[in-house]
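I want to look up a helix and then the charged side chains, and jot down what turns up.

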Amino acid sequence: MSAVVTAESQAVKEAVQAPRPRKPYGARTRLSLFNWIILSLGGIFFFVPLIVTALFSLWQGGNSYGFSAYSAMLHTAGFWNSLFLSLRLAVETILLSFILMVPAMIFVHLKAPKLKPLFEFISNLPFVIPAIALIDGLTTLYTGPTWLISTPNYLVIPYFFLALPYAYRSLDVGLSTLDVRTLTEACQSLGAGWGQIIFMVLLPNLRTALVGAILLILTTVIGEFTFASVLLFHTFAVFINDTGQNAVTEASALTIFAFLLVWLFMLGVILTGRKSAATVGGAH
């Protein structure tokens with residue numbers, strides 16, 4: 001009798017301690033009415049202004065609609081120059097961010113995890129310091145060389161600080177999913193140097209995080225206005241603002257174009273994430 005009771009109690013104990021079965025990845029979840037209401041309100045708040053702006057960009061006067069504003073936008077002086085300038089500055093900001101942050105982040109995760117709170121504090125400072133105060137401090141601190149100060153490349157410095165929170169968070173999440181210490185020790189035991197460890201082992205495993213950081217920096221640089229306006233450089237955001245002072249319809253078309261460009265970058269993040277997930281899930 002005691003053996004039966006013991007067996008039953010053991011079965012109950014195992015049933016209580018057994019983990020709940022998880023839903024398979026990609027399984028559908030039924031949303032409640034409250035969730036649908038919140039999603040609907042969010043969709044209205046997001047899409048209604050966008051739809052109105054798109055309709056206004058097609059307005060040609062009276063009851064006439066067409067793409068004349070988009071045609072005029074593409075042929076406006078300074079459109080392509082300002083767009084290519086912003087894209088070039090974004091590429092330079094990405095390179096500077098990776099050169100400075102990737103080794104620093106690997107060092108913190110591998111050798112000095114106690115410094116991580118300090119890095120997080122520094123990375124969040126751009127959220128606290130106003131842009132106008134940051135640019136005033138930079139112009140006071142950096143007075144040369146003239147080949148940098150007098151060119152749009154100077155914007156890379158404030159853009160680096162502006163994109164710092166997003167790049168840091170993306171890289172931190174990517175490194176947190178890896179066992180950096182074990183990978184490093186395994187590579188060193190096989191005779192690999194630090195260059196091989198970083199470029200052949202760690203960076204390939206950080207592909208999704210790196211792509212996310214790249215696209216976040218791109219969207220940040222393309223949409224930035226304050227730094228370029230104060231320093232009198234004609235970037236894409238400044239071009240949109242100047243166009244809106246004289247041609248409102250063309251400015252609406254530029255806004256829709258910028259929105260689609262940003263969403264194209266975001267689509268790249270989604271597709272890259274799915275591709276990486278499929279590769280990991282199919283590896284054995």
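This is a predicted model: local features need pLDDT of at least 70, side-chain atom pairs count only at pLDDT 80 or more; totals for chains, interfaces and linings use all residues.

I started with helix 4, which has 32 residues and spans 45 Å from its first C-alpha to its last, close to the 46 Å expected at 1.5 Å a residue.

Where does helix 4 bend? I found the bend at Phe 98, and it comes to about 30 degrees.

Next I went for salt bridges. How many are there? The count comes to three.

**Entry: Glu 92 and Arg 88**

I stayed in helix 4 for this pair. The side chains of Arg 88 and Glu 92 form a salt bridge, with N to O at 3.0 Å. Both residues sit in helix 4, which runs over residues 79-110. They are four residues apart, about one turn of the helix.

Glu 92 has a relative accessible area of 24%, so I put it down as partly exposed. Arg 88 is at 36%, and I noted it as partly exposed too.

**Entry: Asp 172 and Lys 116**

Then I moved to Asp 172, which makes a salt bridge with Lys 116. Their closest N and O atoms are 3.3 Å apart. I looked up where the two partners sit: Asp 172 is in helix 9 (residues 156-176), while Lys 116 is in helix 5 (residues 116-123). The pair therefore ties together parts that are 56 residues apart in sequence.

Is Asp 172 buried or exposed? I wrote down buried, because its relative accessibility is 4% and the cut-off for buried is under 20%. Lys 116, at 24%, counts as partly exposed.

**Entry: Arg 169 and Asp 172**

Asp 172 came up again, so I followed it to Arg 169. Their side chains meet in a salt bridge, 3.4 Å from N to O. Arg 169 and Asp 172 are three residues apart in helix 9, so about one helical turn separates them. I have Arg 169 as partly exposed, with 35% relative accessibility.

Which residues do the shared partners join into one network? I listed Lys 116, Arg 169 and Asp 172. Asp 172 is in the salt bridge with Lys 116 and also in the one with Arg 169.

Definitions and conventions:
Residues are numbered from 1 along each chain as its sequence is written. Side-chain values use heavy atoms; hydrogens and water are left out. A salt bridge is a side-chain nitrogen of Lys or Arg within 4 Å of a carboxyl oxygen of Asp or Glu. Helices (H or I, at least four residues) and strands (E, at least two) are DSSP runs, numbered from the N terminus. Buried means under 20% relative accessible area, exposed over 50%, partly exposed in between (1.4 Å probe, protein chains only). The expected span of a helix is 1.5 Å times one less than its number of residues. The bend at a residue is the angle between axes fitted to the seven residues ending there and the seven starting there.
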